[in-house]
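Me: I'm new to this one and want to know what stands behind the labels. Can you take me through it?

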Amino acid sequence: MMLPTESLWAQLSPSSPQTIRTYLSGHGKDDPVMWDFLCTDGRKSGEWTQIGVPSCWEQQGFGSYNYGKDPMEHRAQEVGHYRHTFEVPKAWKNQEVRIVFEGVMTDAEVKINGRSAGEIHQGAFYEFKYSITDLLEFGAENLLEVTVHKVSANESINFAEREADFWVFGGIYRPVYLETAPKDHIERVAIDAQASGEVMADLFLQGSKAETVRASLLDLQGNLVQKLEVELAKSSEKWTIQAQAQNIQTWNPERPKLYQLVIQLVDKKGRDLHTYTSRMGFRTVEVREGDGIYVNGVRIKFKGVNRHSFYPSSGRTTSKALSIEHAQMIKDMNMNAVRMSHYPPDVHFLDVCDSLGLFVIDEVCTWHSPHLDTEVGRKIVRETVTRDVNHPSILLWANGNETGWNTELDDDYAIWDIQQREVIHPWNIFRKTNTLHYMYFHGLYNDTEAQDRVLFPTEFLHGLYDGGHGAGLEDYWQVMWDHPLCAGGFLWDFADEGVVRTDWNDSLDTDGNHGADGIVGPYGEKEASYFTIKEIWSPLFIEKRIIRDGFNGIFRLENRYHYTSLDQCRMTAKWVKFPGPLGHSEATVIQEQAVHLPAIAPGMKGQIAVDKPSNWHTADALHLTAFDPDGQEIFTWTYPVQLPESVNEPLTEHTFKGPFEITRNEQEIHIQAANTLLAFSAKNGQLMGAKSKGTAIPLENGPVLLGQHAPIDTILVEQRPDRVILTAMFELKRRNQEWVKIAKYSADFIRWTIYPDGMVDLEVEMKNKKKVTGFKGITFSFPEAEVQGMKWLGDGPYRVWRNRMKGTQFQVWENDYNNTVTGESGFVYPEFKGFFSNLYWARIKGRHGNGFTVYCHTPYTYFRMLTPQNPSHDDRKRVSPEFPEGDISFLKNIPAIGNKFQTLDLLGPRSNPENFFGNSDEPLRFKLTFDFRPSTDAQVE
């Protein structure tokens, strides 16, 4: 229920009585109110002190920390005793007063002035209330006492909540308030507002003076939309009204239109007894057997995620601001759905889903077996549905999780839900649906005996550290999108559950790998998968495009919205040119233009045309940015225009000055050019090190040709007036001792070209292969301790895996060194170490002025920067991919990454460790230019 606005009251009766809410606690984690408190066990136990309410007592320094899988005896003795005094005005004496608890972990016994308010409440995630009118002293101070048992006396509650796979807390962790209403009042209303404008509502009344009702529809600003003509049916249990609204706008996640339904309770003399106001939206939900899930007559697909109600420093105590922040991030990833895992959330999160537009699956808390017993389960279902029934965002009810469902409760939802929404069993084939968790890629084809069920995994691609989520999603989603009986799915899960351990010097704890499952970090730090999801789930899908000389400006696209025509969105195109590795990083915009988006209906395909300026060939890249009808960025797609060699050619021009100095012994070949001294191995032609103006640059032991095991046969050194050429030829392909014939016939050689200005070209050729399971490329050593950061032109700023290529943009990026272990430590993103795609050039910043710049002239080259530290709790090595030897590599292929439950062979084509390079008569070639000069010298040049 919501209170009417001033504008509403101006149009209705200014004197109409309403329900008043008076908070005894704070509203959330940011404004707790201090109550007296005693904890019986663990830290700070055994004496009366104070605690903020709402809160989880562990986060206030009391009791002990428990992950749900911990033995029960570790927490069974923790009991919290709360005391709080509050005054009640004399004017309330003729009112009905209730006390409301939005959530208490877990058994709660409530007393007012020493007398019981009612039966002990069991269940941590459910709102409960007591009528306390007869227990109050009006015009005086009253004492509230609450005894909270962290472990329930009901064993099925403990199995469902206290031993589940998430952090377990204790305390009054959601707000507490008083509700005051006239004796004759509407206690609650259950609304069914269909997309047709038909409204039905069940009214549950207290008192005996009411004769009839009036109903009005208002907008959220309180302006009258229309007065409703109602048909009223009365019974002893409830009153039911029916009405037809005219010219309404429906609710959907793309245009979440909301209204206020205002119902006035009227006596025989036409006087207002009470006014009840509820937000609502008009929409129709259908689960059509053998077909799909329809909202407002449109078959939808869930682009969803599972979300816990959680914040590191406050545990399960959250806030409206946090709900908005999380929902905005979910929407920003182009998601349209969220599953409440594994319990009903704070009511303000559902409010935000209503207003911002997210489909919701609302769930009661069970986790595996045994399930809730029927007696307490029926109370929990009633509390869940009666609180949440009017949220238009809720499409389905989930009766527990992963075999935790009590089938005796399945039909209870319909008792309390006027909309008769379907019930699902997550992880189960049940009634019309198949919600199997973590199905393998081939399982998405749904070709077994359940092929007539609507398929949508309520958990899939289980994220762990850097695996899952975006990795594998592109393959999964293409099948899910194309399959007519698939209604999408829900990733596991939104955020890492890393709790601030007040007993561990405030360090973050994810309980090993149990809580490190998020797309974002504990405080919302965005991992790479965030942006991969944003691109893959973009409602504007653009076909892959590679720009070459014959580019005609045409992009083929598909409208993957459900309700929005593409002409309601907008798009801009930027032709940009990037600076080099020295100086600023901002691109120069050659031309920016609006792109006409045609009226392509949802689900349909079409094309757009990007105007090409006369000098478009001089641009380095084309950026396309799409915006939704509200002006929020959908995504920015980037397309290189120039090949790397064209971009790098003006950056690697040589100044031919100064002589060469060459010295050689059995072990090394030294070549001095200007202020650069290079040392090469006389055995294999590898770089042993470099110096620039006396500063050692520790790039060495390379190039090692990955996958090449043949020995070096010959090393040739040729000095010309403008360069020195050092060539190492492999024995395997030796045809002749003459370089010309080697170049013609050999597929395996290393060639260094040193110029008088100290710049160095490296060319490598190696035999191509049709199928590759290892690495193909070249690698060097460079001490990690000497790396301070890097600046590069290529895809970024995040690293990639073979099965997570999307979500990056092609431009100039700059990252400082970090040693983040994704989801485990550091939480600084982007991670510095890993594989980066589409390298053009990179400047490696050394900690002691000992860095260098490398220009990559070979297209489609992956750049490997150091080796990430493997997470410490990946015993099965599913999210710890192999890296090549060395530290800095230039590669033609990179590995995929698995997830918590699935190995690569189960995740689809892009996850396969085998690469098909194809049959080619041409060898694999790499061409790099190294500049070891300090940046000041290079700028002078």
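Reply: Here are some labels and the cut-offs behind them. This is a predicted model, where local features need pLDDT of at least 70, side-chain atom pairs count only at pLDDT 80 or more, and totals for chains, interfaces and linings use all residues. Residues are numbered from 1 along each chain as its sequence is written, and side-chain values use heavy atoms, with hydrogens and water left out.

Me: What makes Asp411 exposed or buried?
Reply: Buried means under 20% relative accessible area, exposed over 50%, and partly exposed in between, using a 1.4 Å probe and protein chains only. Asp411 has 52%, so it counts as exposed. Arg431 has 40%, so that residue is partly exposed.

Me: How do you know whether Asp417 is buried or exposed?
Reply: Its relative accessible area is 1%, so Asp417 is buried. Asp417 forms a salt bridge with Arg421, with the closest N and O atoms 3.1 Å apart. Arg421 is at 7%, so it counts as buried too.

Me: What does the pair of Lys845 and Glu814 tie together?
Reply: Their side chains meet in a salt bridge at 2.0 Å, N to O. Lys845 lies in strand 60 and Glu814 in strand 58, so the pair ties together parts 31 residues apart in sequence. Strands here are DSSP runs of E, at least two residues long, and helices are runs of H or I, at least four, numbered from the N terminus. Lys845, at 23%, counts as partly exposed, and so does Glu814, at 41%.

Me: How many salt bridges does a search of the whole structure find?
Reply: It finds 46. Arg21, Arg98, Lys129 and Glu179 are linked in a network of them.

Me: What makes a set of residues a nonpolar core?
Reply: The set holds buried Ala, Val, Leu, Ile, Met, Phe, Trp, Tyr and Cys residues, joined through side-chain atoms within 4.5 Å. The largest one has 71 residues, and Met335 and Trp537 are among those that touch the most other members. Helix 7 gives the largest share of this core, six residues. Apart from it lies another core of 50 residues, including Phe660 and Leu839.

Key: A salt bridge is a side-chain nitrogen of Lys or Arg within 4 Å of a carboxyl oxygen of Asp or Glu.
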